[in-house]
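Please look over the chain shown here, first as a whole and then at two of its residues. The briefing below goes from the overall fold to those local details.

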Amino acid sequence: MNPVIIGNATLYLGDCLEILPSLRADAVITDPPYSDNTHRMAKTNRGAGHGVKLVSFDCLTPEGFVASMRALLAASEGWVVATCDFRHACLTYDWPEFIRLGAWVKPNPMPQISADRPAQGFEVVLILHSGRSKKAWNRGGGSGVWTFSPVQNATVPTEKPIQLANALVSDFTFTEQTVADPYMGSGTVGAACVRANRRFVGIEQDTERFDIACERIENAQRQERLFA
């Protein structure tokens with residue numbers, strides 16, 4: 001399928017496992033679907049006045065997650081950074097490409113509705129490297145911990161905060177490099193790449209989310225042109 005071109009962003013509507021073999025990027029930063037166990041009875045805070053609602057998610061099986069990570073490593077010249085289920089992350093521990101587990105810490109996470117255990121206060125950030133370039137990141141010896149509040153009034157379920165995307169793009173990539181997000185969702189990583197002067201390649205198979213991402217990245221491009 002012909003991509004949508006918005007400035008330095010190239011966006012594909014389709015299945016990332018079908019499109020990725022034809023693409024190359026300097027780094028991959030993404031948020032693939034979590035496991036069925038994580039998403040079962042998942043809830044989202046829809047913002048002030050809207051309460052807490054059950055939401056539905058796509059899910060990845062362990063086999064699907066492994067296939068996805070292998071495809072992302074094949075497409076990346078270096079880093080593959082993915083927020084994911086810790087059950088999925090552990091499947092990569094013995095891979096030579098495994099570098100580190102980081103954490104996105106949430107100061108105000110969704111409360112535990114059952115109140116019989118602590119609420120989940122962080123999400124795993126899986127950090128892999130393809131080995132085709134020298135490992136380098138922009139925070140020296142700093143830890144792989146990022147602390148940002150979850151998104152309120154999210155446009156799509158599991159939307160990650162733009163502050164987290166800004167930080168990951170800034171930490172793991174350099175100016176004018178190409179960043180790919182094969183699970184683009186609402187385009188958060190794409191918007192962060194526009195702000196940071198990175199080229200962006202995004203893939204999303206859901207039509208509604210793809211349209212949201214196109215609009216969001218176009219708005220980010222427009223804002224950058226206004227302040228350039």
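Of the contacts (heavy atoms within 4.5 Å) in the chain between residues at least 6 apart in sequence, 72% join residues at least 24 apart. This is a predicted model, in which local features need pLDDT of at least 70 and side-chain atom pairs count only at pLDDT 80 or more, while totals for chains, interfaces and linings use all residues. Residues are numbered from 1 along each chain as its sequence is written, and side-chain values use heavy atoms, with hydrogens and water left out.

**Whole chain**
- The chain has 7 helices and 11 strands, which are DSSP runs (helices H or I, at least four residues; strands E, at least two) numbered from the N terminus.
- Of the 228 residues in the chain, 46% are buried, where buried means under 20% relative accessible area, exposed over 50% and partly exposed in between, with a 1.4 Å probe and protein chains only.

**Around G187**
- G187 lies in the loop between β10 (178-181) and α6 (188-195), and it counts as buried because its relative accessibility is 0%.
- Not counting residues up to four places away in sequence, G187 touches A213, R216 and I217.
- From C-alpha to C-alpha, G187 and R216 are 6.6 Å apart in space, although 29 residues apart in sequence.

**E215**
- E215 is found in helix α7 (residues 207-227), and E215 is exposed because its relative accessible area is 54%.
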